[in-house]
Structure formats: C-alpha cells, structure tokens
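Me: I'd like to learn how to read a structure feature by feature. Could you walk me through this one?

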Amino acid sequence: MDFLNTIFTFPTVVFTTLLLVVIGFWFIVLLGFADIDMFEGDVEIEADGSDSLFQMGFGGVPLTISISLVILISWVISFYSHQLFEYVLGEGVVFYLLGAAVMFGCFVLSIPLTAILVKPLRRFFESKETASKNEFIGLECVIATSRVTGNFGQAKVQFQGTEQLIEVRCEEENEFKIGDSGLLIEHDELRNSYVVVVKPW
C-alpha cells in the first residue's frame with residue numbers, strides 16, 4: 001500500500017501518469033499499430049549552441065526511446081525522493097511548491113542519465129552496412145521536418161534497402177517543408193550534416 005500511495009501522490013503521480021502513457025504506447029508498438037520512429041519528423045527543438053535535440057546526447061536512437069527513458073528515470077528518482085524526503089514536504093501550499101521543485105529536479109537529473117544510457121543503445125539502431133559520408137551525396141531524400149534552415153533540418157534517405165534519418169541544412173529558408181524531395185550535394189564535416197538543394201528535375 002505504501003508503494004501505491006507514493007506513486008499516486010504528488011509529485012510522483014505526474015510521472016506515474018506519463019509512464020502509463022509510455023507503457024500504453026509501447027504496447028501499441030508491439031501490436032504493430034505504431035512505428036517506433038513515428039515522431040522523428042515532428043521534433044523541432046533548438047537550443048543555444050546546438051542545432052537540435054539529436055546533438056544534445058540523444059542522437060542515434062529513435063526519439064520515442066529517449067523520451068521513454070527520461071520519463072522512466074524521472075519516475076524512479078521521484079519515487080525514491082518522495083519516500084526519503086516526504087517528511088520535509090510539509091502540508092498545503094508548501095507541499096505542492098516543494099513537490100513541484102522535486103519534480104523539476106527529477107526531470108533535470110534524468111536528462112544526463114538518459115544520455116548516458118542512450119550511448120550503448122546506438123549500435124542496435126545502426127545499419128548493418130554503415131555508409132561512408134560521401135555515399136549519400138547525389139541521393140534523393142525526403143524532408144522529415146517542417147522546415148530546413150542553415151542550423152536545423154532532418155531528412156530520410158534510402159540507402160542499400162534501409163531508411164536512414166540524417167541531418168540536413170539549407171542556406172535558403174522556406175525552400176523545403178515536410179514531405180518535399182531534395183538532393184544531397186555535399187557533406188559538412190564540421191556540423192556532421194548534408195547540404196540539401198531543390199531537385200533540378
């Protein structure tokens with residue numbers, strides 16, 4: 001009962017709810033009604049000094065896995081923090097204020113821990129035949145984000161029978177939108193991305 005009381009009490013109940021949603025999603029994936037990478041093209045998170053979420057330590061695995069790990073780790077930290085520090089949370093408004101602080105702290109702490117766990121998982125999502133950077137040049141791609149700029153953009157490219165998600169850049173804004181086709185003409189080693197242009201045909 002103490003376990004149930006903790007997971008369904010603020011602030012842990014917030015992560016419990018999210019965890020139930022995650023479990024439901026993976027159940028749907030197992031049944032074949034959803035794809036593991038279904039949200040890849042919808043992410044447009046940009047941070048100061050970085051191009052996208054995939055360059056903040058979460059690259060190389062589907063976004064659904066990273067989000068699931070963040071929620072799971074946040075839930076575990078919140079559960080034990082709740083049990084250890086329940087006596088100092090107080091009551092009333094103080095309880096919710098301190099609980100909100102604990103919840104935020106759990107979320108922040110879960111991000112670097114998730115980045116650490118993601119690293120060994122990357123090899124499971126790499127293609128059996130990894131293409132060299134130059135082998136993508138000259139291939140067509142399909143834009144997977146709602147826009148492509150000089151600092152942001154992703155596209156899907158077919159190579160040796162597999163579909164790969166790559167970082168793309170275009171100096172001319174408003175040239176592309178999600179679903180458009182483009183042509184990869186150059187690889188930028190510094191930013192580890194490809195220059196994409198509108199197909200000439």
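This is a predicted model: local features need pLDDT of at least 70, side-chain atom pairs count only at pLDDT 80 or more; totals for chains, interfaces and linings use all residues.

Me: Let's start with a single side chain. Is Phe85 buried, partly exposed or exposed?

Reply: The general idea is to compare the relative accessible area with two cut-offs: under 20% is buried and over 50% is exposed. Phe85 has a relative accessible area of 44%, so this residue is partly exposed. Phe85 is found in helix α3.

Me: Now a helix. How many residues does α4 have, and what span does it reach?

Reply: A helix can be checked by setting its end-to-end reach beside the expected one. Helix α4 covers residues 92-121, which is 30 residues, and its first and last C-alpha atoms are 43 Å apart. That is close to the 44 Å expected at 1.5 Å a residue.

Me: Where does α4 bend?

Reply: There is a bend of about 25 degrees at Ile111. A proline, Pro112, follows within four residues.

Me: Which residues of α4 are buried, and what do they pack against?

Reply: Here is the general idea first. An α-helix has 3.6 residues a turn, so residues three or four places apart point the same way. In α4, the buried residues are Phe95, Gly99, Cys106, Ser110, Thr114, Ala115 and Val118. Their packing partners are α2 (12-31) and α3 (63-85).

Me: How many salt bridges does the structure hold, and how should I read them?

Reply: There are three. Lys199 pairs with Glu140, with the closest N and O atoms 3.2 Å apart. This pair links distant parts of the chain: Lys199 lies in the segment after β5 (193-198) and Glu140 in strand β1 (residues 140-143), 59 residues apart. Lys199 counts as partly exposed because its relative accessibility is 22%, and Glu140, at 40%, is partly exposed too.

Me: What about Arg169 and Glu167: are they buried or exposed?

Reply: Arg169 has a relative accessible area of 2%, so it is buried. Glu167 also counts as buried, at 12%. Their side chains meet in a salt bridge at 3.1 Å, N to O.

Me: And which residue does Asp180 meet?

Reply: Asp180 forms a salt bridge with Lys177, at 3.5 Å from N to O. Lys177 is exposed, because its relative accessible area is 51%.

Technical notes:
Residues are numbered from 1 along each chain as its sequence is written. Side-chain values use heavy atoms; hydrogens and water are left out. Helices (H or I, at least four residues) and strands (E, at least two) are DSSP runs, numbered from the N terminus. The expected span of a helix is 1.5 Å times one less than its number of residues. The bend at a residue is the angle between axes fitted to the seven residues ending there and the seven starting there. Buried means under 20% relative accessible area, exposed over 50%, partly exposed in between (1.4 Å probe, protein chains only). Contact means heavy atoms within 4.5 Å. A salt bridge is a side-chain nitrogen of Lys or Arg within 4 Å of a carboxyl oxygen of Asp or Glu.
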